[in-house]
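Please read it alongside the coordinates.

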Amino acid sequence: MMKLGKYSFGIGDRFEHQGEAQLRAIMKASQAGMPVTPVWNKSNREHNYVHTEPVTTRKEADAAVASIGWTGPYFVDADHINLSNVDRFIPVSDFFTIDVAAWLNKPAPTESVVAFKQACGIFGETIALPGLDLEIRITDELLDSMAERFLSAVQEAGRIYRHIEATKGPGAFVAEISFDEVAVPQTPVDMLFILKMVADMGIAVQAIAPKFPGRFNKGVDYEGDLEQFSKEFEQHLMVIDYAVRNFGLPENLKLSIHSGSDKFSIYPVMAQLLKKHDKGIHLKTAGTTWLEEVIGLALSEGEGLDTVKEIYAIAFSRKEELCAPYADVIDIDESALPAPDVAGNWTGPEFAGALRHIPENPAYNPNFRQFMHVAYKLAAEMGPRFQALLRNNRELIGSCVEENIWERHLMRLFLPLIEGKEA
Ligand SMILES: [Zn+2]
């Protein structure tokens, strides 16, 4: 079976110019004794906005690997796919994030509900999870509610999985299942029954992305109750451990954290629990690299700085349109956004300082940062002009991208997992 390593990192790249810079950061982790598997992830929506094709992501990844001389495993992730759009990804992807959020809370056929409840007979009256303050009492109501909320979605995941498998062959790809883009979090108890359904459906899932409590806003830190996050994160780890041992799921099955970039306040929490239980993790990022491109262009002064100021001014006049698709994953205080003529007078370092995710810096503005995050569509609209700027400022931008992934992400989340290297 094609196997995803214990630690993996999703390096989304909207414009597909930063593969090398991203991989240089991963290489640094590897040289520091922390093997992290790079996964280039891109969703159907991103491809449509930016007018790229899945094959171009594959080419970017292969070129970066060849140029850096990376000899470890790496993957190209068809991110958030469903049955209607997966086909364009199948020939070139070897990792599929099967998104069935739209199938939650849909009725499943009665005979499947009956079969699910019968299959849960193995649990007896209670499930006690070792090492956890969590005992689940199995009742008819609980099983009905689990079937109502999740069975139809897992059945759809099964259809998509088998559709991919029919072309690629059994075991020839990594499968992740995601339900994260919804309002209501899934609890560790939900996770247990979801995994039971997934196992009974014969899906060899290697990563699973639930919706966690709290806000995972784009490009900024986690907002929520750290203690509750920590408790549920640990329970999810233990539930997955139980499911692997009892349901016959792949032994490397692990949690996947979506919108995982920039969540600095939960990295130490996750690192401590992953280390305590010796578990793996997949952390998915996307817009954080695009923001480093903006920062690099700002620092380049001249045409690069003019262009990012122009993007901001246009975005400011198209706020509603740009923010609407991201309403659930941004929290922007519009009164805290600089007026375009104010930002228009900033120097390169001033523009970069407002944008760069360094919370201690008084110039840092998380509202501005989230807003620029959703403005990538405008850079895509500029087409070849923006692409040329990325090419002409390749070194400066690349150093921003590399520093962001290495210093602010890999060093904080993965390095504490190595003995004696507590960050
Ligand atoms: Zn997601």
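The points below are grouped by topic.

The structure is a predicted model, in which local features need pLDDT of at least 70 and side-chain atom pairs count only at pLDDT 80 or more, while totals for chains, interfaces and linings use all residues. Residues are numbered from 1 along each chain as its sequence is written. Eight strands close into a barrel with parallel pairing, and the chain is divided into domain 1 (7-288) and domain 2 (290-405).

**Barrel and strand pairing**

- The order of the strands around the barrel is S1-S2-S3-S4-S7-S8-S9-S10; strands (E, at least two residues) and helices (H or I, at least four residues) are DSSP runs, numbered from the N terminus.
- From one strand to the next the twist averages 25 degrees, with axes taken as lines fitted to C-alpha atoms (for helices over the stretch in contact) and angles running from 0 to 180 degrees between N-to-C directions.
- Strands S8 (residues 205-209) and S9 (residues 254-257) run parallel and are joined by two bridges; two strands pair if DSSP finds at least two bridges between them.
- Within that pairing, Lys254 in S9 is the bridge partner of Ala207.
- S9 is in turn joined to S10 by three bridges, again in the parallel sense, and Ser256 has His282 of S10 as its bridge partner.
- Five bridges pair S1 with S10, also in parallel, and here Ser8 stands opposite His282.
- Five of the five residues of S10 are buried, where buried denotes 20 or more other C-beta atoms within 10 Å of the residue's own, exposed denotes 12 or fewer, and partly exposed lies in between, with C-beta atoms placed from the backbone.
- Ile281, Leu283 and Thr285 point one way from S10, whereas His282 and Lys284 point the other way.

**Helix H5**

- Helix H5 (residues 140-168) contains 29 residues and reaches 39 Å from its first C-alpha to its last, close to the expected 42 Å; the expected span is 1.5 Å times one less than the number of residues.
- A kink of about 45 degrees is centred on Phe150, the bend at a residue being the angle between axes fitted to the seven residues ending there and the seven starting there.
- Phe150 is also one of the buried residues of H5, which include Met146, Leu151, Glu156, Tyr161 and Ile164.
- The cover over the buried residues of H5 includes strand S4 (95-99), helix H4 (110-119), strand S7 (174-178) and helix H6 (188-200).
- Glu148, which is in H5, is partly exposed because 15 other C-beta atoms lie within 10 Å.
- After H5 comes Gly169, with a positive phi near 95 degrees.

**Helix H17**

- The 20 residues of helix H17 (residues 394-413) should span 28 Å at 1.5 Å a residue, and the 27 Å between its end C-alpha atoms agrees with this.
- H17 bends by about 30 degrees at Trp406, and Trp406 is among its buried residues, as are Cys400, Glu402, Arg408 and His409.
- Among the elements that cover the buried residues of H17 are strand S1 (7-11), helix H1 (19-31), strand S10 (281-285) and helix H16 (384-392).

**Domain arrangement**

- The C-alpha centres of domain 1 and domain 2 lie 29 Å apart; the domain bounds come from an automatic or database domain assignment.
- Their contact takes 25 residues from domain 1 and 24 residues from domain 2, two residues being in contact if their C-beta atoms, placed from the backbone, lie within 7 Å.
- On the side of domain 1 that touches domain 2, the elements giving two or more residues are H1, helix H2 (44-50) and H9; H1 gives the most, with five residues.

**Individual residues**

- His47 is placed in helix H2 and counts as buried because 20 other C-beta atoms lie within 10 Å.
- Neighbours within four places in sequence aside, His47 is in contact with Lys42, Thr52, Glu53 and Pro54.
- Glu16, in the loop between S1 and H1, has a positive phi of about 60 degrees although it is not a glycine.
- Glu16 is partly exposed because it has 19 C-beta neighbours inside 10 Å.
- His51 lies in the loop between H2 and helix H3 (54-68), and its phi is also positive, near 60 degrees, in a residue other than glycine.
- His51 counts as exposed because it has 10 C-beta neighbours inside 10 Å.
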